[in-house]
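Here is a protein chain to walk through by question and answer.

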Amino acid sequence: MSGDLTGRGLDPFGWPGRLPGRRRTGDDVRALADALTDARDSPDGEARSAELERIAAHADATGDDRSAVAARFALIEAYLLHGERWRLVELVRRCAAALDRRPDLLPEADRRLLLRYQRYAVEALLGTPRVGLDQARALLDDLTARSGAPPGADAPATGDGPAAGDDDAGHAEVVAELRCRIADHLGDEPAARRWYAHWVAAEPGPAGGCPGCAPARRADLLAGWGDWRAALDELREVLDGRVNCTDQPERALAAALLPWLRAGEPERAAAAHVRAYRRHRREPSAFGALAAHLRWCALAGHPGRGLDILAEQLPRLDRPTDDLAAMEFAAAGALVCAVAGEVGLGGRRVPRPAYGDRPAAEVDVATLGASLLDLATGLAGSFDARNGTGHQSGRIAAWLTERALAAPVPLPPEEDPADAEHAHAGPGDAPADDDLAPLTLGLITAALDRRGDHYAVDAAGTVVGRWGAALIQFRTAGEHGDVLQARCVASRRLPTVRLTEAYAFCNAWNHDRLLPKAYVHDLGAQLVLAGDVSTDLGRGVAPAQLTVLIDAAVRTGVAYADAVAALP
């Protein structure tokens, strides 16, 4: 018998297939559905992704659009989880083409999810030169048409976008943001500024993503254009604790580092650096923020600290989240090395771990700087070759010419804020239960101690504890640290295909209950349902009152997490 599988009624993929002249049967569909279920349930990794690719190709060959789209949705989720957005372009294109052939193929929730995936695919252009410029533009034009947002080679009239309250609210915002950021990436500042104005004016909505992250993205753009004060104004609500986002305020603090330094506020910049780096030093998703910390060290007169950070973070450069983050990290590291050499620190040796064919070694500052410069300029050249401009190379060259902007100021202490408060508080320092006192971290931990709760205090001064299905964080917020912020995060995560359902749940919760304020945080690969309660205690708080507030936060946070856990 021939070794050809098709001779036995099997296609080359190993499932009952549609041979020439044979119609697809119910057995074929069931076999494909079973294979897809098995692949979804298999361990995450390259083998699972390869199997999903195989299933999608088989579904294409048999004309099963529904299974093909389902397999590609699973692949998109996997690539988002692993930070490989550049792989989304072809997957999204094929899903959109299937939807064009079969408008009834997807329910409304999945159609909206596909638009969100299309946004991520367009954004991949900014992170890597592996995505073609024409590919991204075609996807963006298609996203514009599908979402009902206004088209544009130039800035449109904002009134052409979706109306406030529309189910499509936020799509005009997404399109304006993407066109703004692409224009900026290509070095077309006039076009980027025009689109920026329409991005800010567009009606926000769920399609716009996390509202707490948009101000930091806008601030980065404004800072790149030299608008320091405007960048700080954009971050004001986030820094005041008025925005709900699990990445804040540290993401905003990193965006504010150089604007504060250039605006003549080096003390605020120093405090922001120390606080934000406590979190960013260990958080994998924060790799893109490290360039801001390194540049601040070089320009604020702290090149020694910059070398310390560089030595600590170098291993992450071998497995970067994207090429843009690697380019910026390498350029900022090269700047630190150059400044360090100029102030007499060139004799330091920095350990660099082994990776691939590169052996572990201790390299001097000049050698490390030259290596980082080669990497940064090489990546910038790749972006520019794809873009047909010299903007990225010029931007990196401009970074490397910068030098100290201000005399160095002392850095705030590095120790855990909770330990510092307890170390300086004697037994007679605690206020009486009915005496008003300024809100402090020590008062928060004392209230939890009275309740008998177990908790930890992280390096950023946030109190973290788990009560049932709820992870609850307490911290001081606001410009003067006089706002008690309690944030609960439900243990249960939802897949992004349930985004519409998650929004409906939070809207219903907010309609029926006062606390906590519920919201959805989209991580790309999954949805986090969280809640937030902020209480202004600018006039002080008595320990007894603080205990009542913490009791209420725990009780309502647990109820919220239990409700999330009870969702079908």
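**The cavity and its surroundings**

One cavity of 30 Å³ or more is counted in this predicted model.

Reader: How much space lies in the largest cavity?

Author: Rolling a probe the size of a water molecule over the atoms shows where empty space is left. For the largest cavity, that space is about 40 Å³.

Reader: Which elements each supply at least two residues of its lining?

Author: The lining includes Ala486, Arg487 and Cys488. Gly531 and Val533 line it too, as do Ala553, Thr556 and Gly557. The elements that each supply at least two lining residues are β6, β8 and α21 (543-565).

Reader: What is the bridge partner of Arg487 in β8?

Author: Arg487 is one of the residues lining the largest cavity. Nine bridges join β6 (residues 483-494) to β8 (residues 527-536), and the two strands run antiparallel. The partner of Arg487 in β8 is Asp532.

Reader: And what is the bridge partner of Val489 in β8?

Author: Strands of a sheet pair through backbone hydrogen bonds, either parallel or antiparallel. Here β6 and β8 are antiparallel. In β8, Val489 has as its partner Ala530.

**The sheet**

Reader: In what order do the six strands of the open sheet stand?

Author: The pairing in this sheet is antiparallel. Six strands take part, in the order β3-β4-β5-β6-β8-β7.

Reader: Which strands stand at the edges?

Author: An edge strand here has a single partner strand, so one side of it is left without a neighbour in the sheet. The two edge strands are β3 (456-457) and β7 (517-522).

Reader: Which helix packs on the sheet by touching β3, β4, β5 and β6?

Author: Look for a helix whose direction makes about 25° with that of β4 (463-467). Its contacts also take in β3, β5 (470-477) and β6. The helix is α19 (residues 441-451).

Reader: What angle does helix α20 make with β7?

Author: Helix α20 (residues 499-512) also packs on the sheet. It touches β6, β7 and β8. Its direction makes with that of β7 an angle of about 165°.

Reader: How many residues of β7 are buried?

Author: β7 has a single partner strand. Even so, β7 is largely enclosed by the rest of the structure. Of its six residues, the number buried is five.

Reader: Which residue in the turn between β7 and β8 has a positive phi?

Author: β7 and β8 pair in the antiparallel sense over six bridges. Val520 stands opposite Leu529 in β8. The two strands form a hairpin with four residues between them, and the turn residue with a positive phi of about 95° is Gly524.

Reader: Which residue takes a positive phi in the hairpin of β5 and β6?

Author: β5 and β6 pair over eight bridges in the antiparallel sense. Ala470 stands opposite Ala490 in β6. This hairpin has five residues between the strands, and the positive phi, near 85°, belongs to Gly478.

**Helices and the whole chain**

Reader: Is Thr547 buried or exposed?

Author: Thr547 is found in helix α21. It touches Ala447 and Arg450, leaving out residues up to four places away in sequence. Its relative accessible area is 17%, under the 20% limit, so Thr547 is buried.

Reader: How far apart in space are Thr547 and Ala447?

Author: In sequence, Thr547 and Ala447 are 100 residues apart. In space, C-alpha to C-alpha, they are 5.4 Å apart.

Reader: Is Arg48 buried or exposed?

Author: Arg48 lies in helix α2 (residues 46-62). Among the residues it touches are Ala39, Pro43 and Ala78. At a relative accessible area of 13%, again under 20%, Arg48 is therefore buried.

Reader: What share of the 568 residues in the protein chain is buried?

Author: The chain has 21 helices and eight strands. Its accessible surface comes to about 25200 Å². The buried share of its residues is 49%.

Technical notes:
Residues are numbered from 1 along each chain as its sequence is written. This is a predicted model: local features need pLDDT of at least 70, side-chain atom pairs count only at pLDDT 80 or more; totals for chains, interfaces and linings use all residues. Side-chain values use heavy atoms; hydrogens and water are left out. Buried means under 20% relative accessible area, exposed over 50%, partly exposed in between (1.4 Å probe, protein chains only). Contact means heavy atoms within 4.5 Å. Two strands pair if DSSP finds at least two bridges between them. Axes are lines fitted to C-alpha atoms, for helices over the stretch in contact, and angles run from 0 to 180 degrees between N-to-C directions. Accessible areas come from the Shrake-Rupley method with a 1.4 Å probe; for residues, only the protein chains shown count as cover. On a 1 Å grid over the protein atoms alone, a cavity is a set of points where a 1.4 Å probe fits but cannot get out, and a pocket is an open set with protein on both sides within 12 Å along at least five of seven lines; lining residues have an atom within 4 Å of a point. Grid points are joined across faces, edges and corners, and a volume is the space filled by probe spheres set on the points.
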